[in-house]
Amino acid sequence: MLVPQDMMAAQSKMLYQLNKYYGERVQTRKGGIAKTIREVCKVVQDVLKEVEVQEPRFISSLTECNARYEGLEVISPTEFEVVLYLNQMGVFNFVDDGTLPGCAVLKLSDGRKRSMSLWVEFITASGYLSARKIRSRFQTLVAQACDKCSYRDSVKMIADTTEVKLRIRERFVVQITPAFKCSGVWPRSAAHWPIPHIPWPHPNLVAEVKTEGFDLLSKESLSMQGKQSAMEGDAWVLSFAEAENRLLQGGCRKKCLSLLKTLRDRHLDLPGNPVTSYHMKTLLLYECEKHPRDIEWDEPCLGDRINGILLQLISCLQCRRCPHYFLPNLDLFKGKSPSALENAAKQAWRLTRELLTNTRSLEKL
């Protein structure tokens, strides 16, 4: 493919600026977050150790492996989520019939097996394992553990929420979410994925992702807000964090995400939190489908991919809809106020216009 000389020159200027920005701003952000994670995880591990003493069914799964903590997600530089994997889902069937977008229930496979379950007292009369009941018990245990643990002076439970949230050193917030890992199964609500006739992701990668599976989290869900059915308290939220991370390996995809997160923290951290890192990750996955060839994710294309994702973001903010990558019926903007989305669209447009029209814009951003 022949590319005009001036276009190549603009592309290489942009790449130079992006690499400089990556070396300065992005690495500083990453370094700060890594330091915070070590500090925060020490406290969380201590709290979970106390929980385990009181209730051995809640075994801490927060372990460090190759400088990464298993089950830890960075929401923002001051906010984190720790997924606590529970054991013995065995006697339950996984049911996702689309009643609650983004959620599923765990139902006893056989009424006679009720007494065999490790979680017997959290099973409802109709045989569902209640996410809310498990979380409520866990919340009580964590509250007690905060008072007993060696960091009790610097950790507090956040009240007014059914979630298990800790405030650490008055600066950081960590949500601890009980969960089950579902390997070797794939939810019916994500059965359309991958879209046929698109060369990305490669069939081998698809097989890997589907075998890895997904998680079921005990947390409040957007699709449950405002619904008063008894079922929703028992429902579990589907999470594809591992699958998403697996799909973003290769080429400059991970670098692209780090740059987008940094731009988000610096320019789109707005009232009402309309744009999160997770929105950026979702739009990056859609961009992978739009640009399925590996060559389109080589370093020289980095600027084009970032501009493409920011333009997608503006479009989603203007339409007030951002579909989840695996579960398109789930709108990730649900619950966000129209004025917050409108304000974010204006800010995102300012940022994009600056990047598109000024090759040296990153020096100021």
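Which residue forms a salt bridge with Arg135? The partner is Glu163, with the closest N and O atoms 3.8 Å apart; a salt bridge here is a side-chain nitrogen of Lys or Arg within 4 Å of a carboxyl oxygen of Asp or Glu. Glu163 sits in the loop between β7 (155-157) and β8 (165-168) and Arg135 in helix α2 (residues 131-148), so this pair ties together parts that are 28 residues apart in sequence. Both Glu163 and Arg135 are buried (under 20% relative accessible area, with a 1.4 Å probe and protein chains only).

A word on the model: it is predicted, with local features needing pLDDT of at least 70 and side-chain atom pairs counting only at pLDDT 80 or more, while totals for chains, interfaces and linings use all residues. Residues are numbered from 1 along each chain as its sequence is written, and side-chain values use heavy atoms, leaving out hydrogens and water.

The whole structure holds 22 salt bridges. In one of them, Glu81 meets Lys219 at 3.1 Å, N to O. Glu81 belongs to strand β4 (residues 79-85) and Lys219 to the loop between β10 (214-217) and α4 (230-234), so parts 138 residues apart in sequence are tied together.

Next, look at Glu244 and Lys281, whose closest N and O atoms are 3.3 Å apart in their salt bridge. This pair links helix α5 (residues 241-247) with helix α7, 37 residues apart. Elsewhere, salt bridges join Arg29, Arg264, Asp265 and Asp269 in a network.

Terms used. Helices (H or I, at least four residues) and strands (E, at least two) are DSSP runs, numbered from the N terminus. Buried means under 20% relative accessible area, exposed over 50%, partly exposed in between (1.4 Å probe, protein chains only).
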